[in-house]
Amino acid sequence: MKKYICTVCEYVYDPELGDPDGGIEPGTAFEDIPDDWVCPICGVSKSDFEPTE
């Protein structure tokens with residue numbers, strides 16, 4: 001699964017780790033995260049993330 005990076009603060013969402021504090025279970029693909037999820041570091045929306053290389 002592809003990792004995604006926040007274009008504002010450079011937080012990397014790793015699907016293998018998920019975001020347990022944000023209610024996202026490990027193994028959740030970025031595409032499967034609810035649209036109202038926000039970056040756990042800076043609070044921007046999911047639309048401000050881009051796939052990493």
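Does Lys46 count as buried or exposed, and at what relative accessibility? The answer is buried, at 12% relative accessibility. The points below concern a predicted model.

1. Sheet. Three strands make up an open sheet in the order S2-S1-S3, and their pairing is antiparallel. S2 and S3 are the edge strands, each of them pairing on one side only. Strand S1 (residues 4-6) runs antiparallel to S3 and is joined to S3 by three bridges. Within this pairing, Ile5 has Glu50 in S3 as its bridge partner.

2. Aromatic cluster. Seven aromatic pairs are present in the structure. One aromatic cluster is formed by Tyr4, Tyr11, Tyr13, Phe30, Trp37 and Phe49.

3. Tyr13 and Trp37. These two rings form an edge-to-face pair, with 5.8 Å between centres and 70° between planes. Tyr13 belongs to strand S2 (residues 12-13), while Trp37 lies in the loop between S2 and strand S3 (49-51); the pair thus links distant parts of the chain, 24 residues apart. Tyr13 is buried, its relative accessible area being 0%. Trp37 also counts as buried, at 5% relative accessibility.

4. Phe30 and Trp37. Trp37 takes part in a pair with Phe30 as well: the ring centres are 6.3 Å apart and the planes stand at 90°, so this pair is edge-to-face. Phe30 is buried, with a relative accessible area of 6%.

5. Lys46. The residue raised in the opening question lies over the face of Phe30, at 5.3 Å from the ring centre. The side chain of Lys46 also meets that of Asp35 in a salt bridge, at 3.7 Å from N to O. Both residues lie in the loop between S2 and S3, so the contact ties together parts that are eleven residues apart in sequence. Lys46 counts as buried because its 12% relative accessibility falls under the 20% limit. Asp35, by contrast, is exposed, with a relative accessible area of 68%.

6. Lys3 and Asp14. The count of salt bridges comes to two. Besides the contact of Lys46 with Asp35, Asp14 forms a salt bridge with Lys3, and their closest N and O atoms are 3.7 Å apart. Distant parts of the chain are linked here: Lys3 is in the segment before S1 and Asp14 in the loop between S2 and S3, eleven residues apart. Asp14 counts as buried at 14% relative accessibility, whereas Lys3 counts as partly exposed at 37%.

How values were computed
Residues numbered from 1 in each chain as written. Predicted model: local features only at pLDDT ≥ 70, side-chain atom pairs only at ≥ 80, totals over all residues. Heavy atoms only, no water. Phe/Tyr/Trp six-rings, centres within 6.5 Å; stacked < 30°, edge-to-face > 60°. Helix = DSSP H or I, 4+ residues; strand = E, 2+ residues; numbered from the N terminus. Buried < 20%, exposed > 50% of the residue type's maximum accessible area, 1.4 Å probe, protein only. Lys NZ or Arg CZ within 6 Å of the ring centre and 35° of its normal. Pairing = 2+ DSSP bridges. Salt bridge = Lys/Arg side-chain N within 4 Å of Asp/Glu carboxyl O.
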